[in-house]
Amino acid sequence: MTKFLGSKRIFTAVFISGTGTNLKNLIKFSLTKKSPITVKAVISNKNEAKGLNYAKKYKIKIRIFKFDNNDDREILNFLKKEKIKLICLAGFMKILSKKFIQKFEGKILNIHPSLLPKYKGLNTHKRVINRNEKFSGCTVHLVNSKLDSGKIILQKKVKVFKRDTSSKLAKRILKQEHIIYPKAILKLISNL
Ligand code: GRF
């Protein structure tokens, strides 16, 4: 870690599809002294992703890619040109191709709103509540070619209350997401 602090920061791209609160949080983190990363680019599959406003506000480069089978090369070229060494998925709703994942093996993080390996995929909060789980939470993990299955870097448990709704639970979990994502980045990088 220390060898890294004070020297160059790791150029990072954040991939989003929606609201972008994790993006905002990562940008803020990247502006702190202790951050080992600089958010150099924000990539989205959606032109209208609300989170892109944060990128604009902080004058970070934005690129829209469709992420259909064939446009990997264009994305990879862009990431290479920008010297991106770390990718943080934050509410990114597309599946990355195997080839893409291979190129960035061990360097793509994702945040998922459940205690993985439980509740992979979508609609986690609803499923958690329907199953009367006492706890849920969030997980930062490395991305591999299987959905929500890569090595777990950090998790945080969140209590599920009797009268919880998906949106209440989602809100409480999101708060924790904002805490663990930067911590997970620090942990990942200190192990490099
Ligand atoms: C988060 O709950 C994240 O765990 C999931 O998608 C949501 C994105 O929220 N992958 P935001 O766009 O960062 O606000």
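Which residues in α6 are buried? Hold that thought for a moment, everyone, and keep in mind that what we have on screen is a predicted model.

Let's begin with the sheet. There are 7 strands, and they form an open sheet with mixed pairing, in the order β3-β2-β1-β4-β5-β6-β7. At the edges sit β3, residues 61–64, and β7, residues 152–159, each pairing on one side only. From one strand to the next, the twist averages 20 degrees.

Now zoom in on one pair. Strand β5, residues 108–112, runs antiparallel to β6, residues 135–142, with 4 bridges between them. In that pairing, His112 stands opposite Thr139 in β6.

Next, the helices. Helix α1, residues 21–30, lies across β1, β2, β4 and β5, and runs at about 155 degrees to β2. Helix α3, residues 72–81, packs on the sheet too, touching β1, β2, β3 and β4, with its direction at about 160 degrees to that of β2.

That brings us back to α6, residues 166–190. Its 25 residues reach 35 Å from first C-alpha to last, close to the 36 Å expected. And here is the promised list: the buried residues are Leu169, Ile173, Gln176, Glu177, Ile180, Tyr181, Pro182, Ala184, Ile185, Leu188 and Ile189.

Keep your eye on Glu177, please, as we turn to the ligand. Among the residues surrounding the ligand are Thr19, Gly20, Gly91, His112, Leu174 and Glu177. A polar side-chain atom of Glu177 lies 2.8 Å from a ligand oxygen. Thr21 also places a polar side-chain atom 2.5 Å from an oxygen atom of the ligand. For Asn22, a backbone N or O atom is 2.8 Å from a ligand oxygen.

Thanks, all!

Technical notes:
Residues numbered from 1 in each chain as written. Predicted model: local features only at pLDDT ≥ 70, side-chain atom pairs only at ≥ 80, totals over all residues. Heavy atoms only, no water. Pairing = 2+ DSSP bridges. Helix = DSSP H or I, 4+ residues; strand = E, 2+ residues; numbered from the N terminus. Axes fitted to C-alpha atoms, helices over the stretch in contact; angles between N-to-C directions. Contact = heavy atoms within 4.5 Å. Expected span 1.5 Å × (residues − 1). Buried < 20%, exposed > 50% of the residue type's maximum accessible area, 1.4 Å probe, protein only. Near = heavy atom within 4 Å. Polar contact = N/O pair within 3.5 Å; in protein donor to acceptor, adjacent residues only side chain to side chain.
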